[in-house]
Amino acid sequence: MVESTHYELADLNNEALIGALHEATKGLSKNHTPSELREEIVNRNVGLVKSIALKFLSSGEPLDDLIQAGYIGLLNAVSNFDLDRSNRFSTYASYLIQGEIRHYIRDKHATIRIPQWVQTMNRRLKEAEEQIFQKQGRPPTLTELAAMVELREEQVRMLLRSRESMTYVSIDQDRRSGDPNPAPPTTERLISKSEGLPFDVRMRILAAIEQLSDIQQGVIQGLFYQGKSQSEVGKELGISQRQVSRMKDRILNGNA
Amino acid sequence: MSLIEAKQTGDLLTLIGTAIEQLRQSIELFEAASQVEGVSRLSAVIREIDGYMDRAHDDPLLKLARIDASSLAADLTHIKTDLVAVIDKVDDSAHP
């Protein structure tokens, strides 16, 4: 915990800066504004972003672009880091920086059509990975990931492999013709190897459920977070305040 | 009011609740190798989406929640297309 006495940013380490940022955003400290603290944290970690970006030079993307993508990961880390967890900020930031750079490369090289459901499931996996990392302070195990996204371990393994293949398979095949290492299998090939219920069938249905849940969330947010009174809403719709109230009760009680 | 009538006059949240339940059931049925029942659940969801899209303009919930009807229609159509693809795939597996 950072005391609310005057301090120079230069005297603080990364963890203390993050602590100060949390204090400032809660209005508990007026020594520095949140934006000053964020800027300082970003400045302190420029080297970290560069060192991680350098590892991805073999992707063929310009270093500056990789660094820019890495900054997005760093900014996300600054926004989302949970002080109550014991892991170090730099560990967490490195994880997100790498994730963003991989995501950037994947997007740039995605010349194959990636099915919507694969994208949806990969997004779910990414969110689950971040949540587990934030909670445990380490990357998730396959078992943890599978439990979180409600899939079997084998299916998660295939999704993770498909994610890697999305990054690398789509790079110009001609450049790979003389490559002694064969290209990894494509998503479709991986999927066709699944047993029992076809993998993409299950994924497509899960993606449909997720899309419906997103719509449901949008409706509920629209109903309860637009800052209008029930009378105002009723007037707009030409129904009584009582009818609006009943409708909301019905939804809240799960009888929609 | 009969159950069928109640369903036909349901709002968007009713549709979503029913559809999610049926989709979950379809996964269980497919995993239990009950392909016909699984397809039947998916077909029911598609029919319900179609039915809802026909009467969406009467759904007060859309105005109440400020949902853009055209974007909702696009989303539902997308879901429907995915489910049709699933049914085709299951049919192909059953009759190669």
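Predicted model: local features only at pLDDT ≥ 70, side-chain atom pairs only at ≥ 80, totals over all residues.
Residues are numbered from 1 along each chain as its sequence is written, and chains are lettered from A and ligands numbered from 1 in the order in which they are written.

Colleague: Which residues of chain B are in contact with Ala208(A)?

Modeller: Two residues are in contact if their C-beta atoms, placed from the backbone, lie within 7 Å. With neighbours within four places in sequence left aside, the partners of Ala208(A) are Leu23(B), Ile79(B), Asp82(B) and Leu83(B).

Colleague: Which element provides the largest share of the side of chain A that touches chain B?

Modeller: Contacts join 27 residues of chain A to 31 residues of chain B. The residues on the chain A side divide into 18 nonpolar (Ala, Val, Leu, Ile, Met, Phe, Trp, Tyr, Cys and Pro), seven polar (the others, Gly among them) and two charged (Asp, Glu, Lys and Arg). Elements giving two or more residues to that side are H11, H12 (230–237) and H13 (241–252) of chain A. The largest share, 16 residues, belongs to H11(A).

Colleague: Within what arc do the buried residues of H2(A) fall?

Modeller: Helices here are DSSP runs of H or I with at least four residues, and strands are runs of E with at least two, numbered from the N terminus. In H2(A), residues 34–44, the buried positions are Leu37(A), Arg38(A) and Ile41(A), and their cover includes H1 (14–25) and H4 (63–80) of chain A. Ser35(A) and Asn43(A), on the other side of H2(A), are exposed. Taking directions from the helix axis to the C-beta atoms, the buried residues line one face of H2(A), because they fall within an arc of 100 degrees.

Colleague: Which exposed residues does H3(A) carry on the face turned away from its buried side?

Modeller: The buried residues of H3(A), which spans 46–54, are Val49(A), Ile52(A) and Ala53(A). They lie on the same side of H3(A), because they cover an arc of only 100 degrees around the axis. The face turned away carries Gly47(A), Ser51(A) and Leu54(A).

Colleague: Does Ala33(B) count as buried or exposed?

Modeller: Ala33(B) is placed in the loop between H2 (12–31) and H3 (35–55) of chain B. Its phi is near 65 degrees, a positive value in a residue other than glycine. Having 10 C-beta neighbours inside 10 Å, Ala33(B) counts as exposed.

Colleague: What is the phi of Arg66(B) near?

Modeller: Arg66(B) is found in the loop between H4 (60–64) and H5 (69–94) of chain B. With 15 C-beta neighbours inside 10 Å, Arg66(B) counts as partly exposed. The phi of Arg66(B), a residue other than glycine, is positive and near 55 degrees.

Key
Buried ≥ 20, exposed ≤ 12 C-beta atoms within 10 Å, placed from the backbone.
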